[in-house]
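Please examine the sequence and the three-dimensional structure shown below. The report that follows describes selected features in running text and one table.

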Amino acid sequence: LLGVGKNYYRDFNSRIESKVDGDCFEELRDSLEGFFNSLLSSSLPRPLRLRLMTDVINMKKAMLFYLYRGADGVEETMSSLSGRMLLNKKDMAQHDDGSVRESFKSVYDKYFSFVTKANASYQFIENIGNYFLGDK
């Protein structure tokens with residue numbers, strides 16, 4: 001039963017996920033746009049700004065393909081963006097007045113809401129299987 005549910009999800013995930021995204025998708029896209037604008041106007045070193053802006057562009061591309069590929073691409077690009085923010089924490093502290101970090105926090109919060117909703121259908125299938133099979 002669990003295997004059937006997972007296979008069904010993999011085959012039809014874009015249709016399932018597209019029904020649950022709604023406002024979360026728009027809010028994430030808007031917060032990414034705000035983050036991009038904060039990077040443009042920031043005083044971060046140019047190479048760092050360009051790398052972060054590239055990550056934002058990649059995430060926006062992944063969101064364009066979300067309806068076809070599901071949330072995996074969005075999750076991967078957010079991981080890259082988060083990692084870059086963390087690895088450059090020292091530069092951020094020296095050159096950012098706080099606006100870039102606050103803008104990123106907004107992106108992270110919107111992303112978390114988005115992924116939680118996008119993965120809700122998969123979690124439902126996983127949990128139902130565990131319930132019926134007795135796995136805990």
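Asp-109 is partly exposed because its relative accessible area is 38%, where buried means under 20%, exposed over 50%, and partly exposed in between (1.4 Å probe, protein chains only). The model is predicted: local features need pLDDT of at least 70, side-chain atom pairs count only at pLDDT 80 or more, and totals for chains, interfaces and linings use all residues. Residues are numbered from 1 along each chain as its sequence is written, and side-chain values use heavy atoms, with hydrogens and water left out.

**Salt bridges**

The side chain of Asp-109 forms a salt bridge with that of Lys-105; the term denotes a side-chain nitrogen of Lys or Arg within 4 Å of a carboxyl oxygen of Asp or Glu. The whole structure holds 5 salt bridges, including those in the table.

| Salt bridge | N to O distance |
|---|---|
| Arg-29 and Glu-26 | 2.2 Å |
| Arg-101 and Asp-96 | 3.1 Å |
| Asp-109 and Lys-105 | 3.3 Å |

Asp-109 and Lys-105 both belong to helix 7, 4 residues apart, about one turn of the helix. Helices (H or I, at least four residues) are DSSP runs numbered from the N terminus. Arg-29 and Glu-26 lie 3 residues apart in helix 2, again about one turn. An α-helix has 3.6 residues a turn, so residues three or four places apart point the same way. Arg-101 is partly exposed at 38% relative accessibility, whereas Asp-96 is buried at 8%.

**The nonpolar core**

Which residues of the largest nonpolar core touch the most other members? They are Leu-28 and Phe-35, in a core of 29 residues. Such a core is a set of buried Ala, Val, Leu, Ile, Met, Phe, Trp, Tyr and Cys residues joined through side-chain atoms within 4.5 Å. Helix 2 (22-40), helix 3 (46-64), helix 5 (72-87) and helix 7 (99-118) each supply at least two of its residues. In soluble globular proteins, nonpolar side chains tend to be buried together.

**Helix 3 and Met-59**

Met-59 lies in helix 3 and counts as buried, because its relative accessibility is 0%. Leaving aside neighbours within four places in sequence, Met-59 is in contact (heavy atoms within 4.5 Å) with several residues, among them Leu-28, Leu-32 and Tyr-111. Leu-81 is another of these contacts; Met-59 and Leu-81 are 22 residues apart in sequence, yet their C-alpha atoms are 8.4 Å apart in space.
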